[in-house]
Amino acid sequence: MRAVSVSPDALVLTSAFWQTNAVALRAGGEAVLIDSPYLPEELDALPGVLAGAGFEPDGLLATHADFDHLLGRLAYPGMSLGLAETSVERLHREPGAAQRELRDFDAQWYIARQAPLALGQVQALPVPGRLDLGRGEHAVELELHPAEGHTPDGMALFARPLALLAVGDYLSDVEIPWISGGGSLADYRGTLARLAPLVADASSVVPGHGAPHDRETALRLLDEDLDYLDALERGEERPDLPPGRDSKAQRAIHAENLARVSG
Ligand SMILES: [Zn+2]
């Protein structure tokens, strides 16, 4: 797990698996952790790493309800987990799905965990909406923006005073736009359109997977992703994939996207 401080009050933790990012933010004497690292060793180390860096969380958040983003409770059992209303609805629509997918993935990679994932009570957050982080004059407001299309649910979090934007599974330098189950091309385009002005106001943009970006890089990825969505919409079987994302694994995601969009 790599820890990179992208601002004095924002720490990005990148898992060795899928380069999954967790983001710790602090303001006004409080901290939150958005999303989670993946590997058991990383989750075991997380409380020590965050406490040592001064980011001990008071609450957990997740950008969307895909299982790889929901593992914060494995490091902080019993801590409250806030999700967009759309994500809570998805968890209710598909009871046990996240736990089952985690079990299946762990089985595929022979990853052993000491405890199963228990999501317990989750807190549904209205999106669009706002969330206060911290108390007093140093408190900051987190803006919650809808981010659907990759999945049927989700939110991007913008800490405007910190110029930090956590987007979930969009604007990745390691993954092409992925229209997964319940997602849609039209919603994906809507999310990119919504993210563009936020990216323009951000200094750091943290995707769900891959490196944190500066503004220029994030805007370039956004353009590449729009080009890709155009090719997908045209039904191209072998489009040019963006530099750094033209791999067998990304071609497999493209094939899945094609099947979903044309089906
Ligand atoms: Zn993900």
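**Zinc site**

I looked up the spacing of the zinc donors along the chain and found D-H-x99-D-x39-H. Donors are here N, O and S atoms within 2.8 Å of the metal (3.2 Å for Na, K and Ca); water is not among the atoms, so sites may look incomplete. The model is predicted: local features need pLDDT of at least 70 and side-chain atom pairs pLDDT 80 or more, while totals for chains, interfaces and linings use all residues. Residues are numbered from 1 along each chain as its sequence is written, and side-chain values use heavy atoms, without hydrogens and water.

I list the protein donors as Asp 68 (OD), His 69 (NE2), Asp 169 (OD) and His 209 (NE2), at 2.1 to 2.6 Å from the zinc ion. The 4 donor atoms subtend angles of 83 to 171°, and I therefore note the arrangement as irregular. Four donors would count as tetrahedral with all angles between 85 and 135 degrees; four count as square planar and six as octahedral if opposite donors are over 155 degrees apart and all others between 65 and 115, and anything else is irregular.

I checked His 69 and Asp 169 and found both buried (under 20% relative accessible area; exposed is over 50%, partly exposed in between; 1.4 Å probe, protein chains only).

**Aromatic pairs**

I counted 9 aromatic pairs in the structure. Rings of Phe, Tyr and Trp (its six-membered ring) pair if their centres lie within 6.5 Å; planes under 30 degrees apart are stacked, over 60 edge-to-face, and the rest tilted. Phe 17 and Trp 18 form a tilted pair, 4.9 Å centre to centre with 45° between the planes. The rings of Phe 17 and Trp 109 lie 6.1 Å apart between centres with planes at 70°, so I record that pair as edge-to-face. Phe 17 counts as buried because its relative accessibility is 16%. Trp 18, at 36% relative accessible area, is partly exposed, and Trp 109, at 48%, is also partly exposed. I traced a cluster in which ring pairs link Phe 17, Trp 18, Tyr 38, Phe 67, Phe 105 and Trp 109.

**Helix α6**

I compared the span of α6 (residues 215-233) with expectation: at 1.5 Å a residue its 19 residues should span 27 Å, and the end C-alpha atoms are 27 Å apart, which agrees. The expected span is 1.5 Å times one less than the number of residues. Helices (H or I, at least four residues) and strands (E, at least two) are DSSP runs, numbered from the N terminus. The buried residues of α6 include Leu 221, Leu 222, Tyr 228 and Leu 229. After α6 I noted Gly 235, with a positive phi near 80°.
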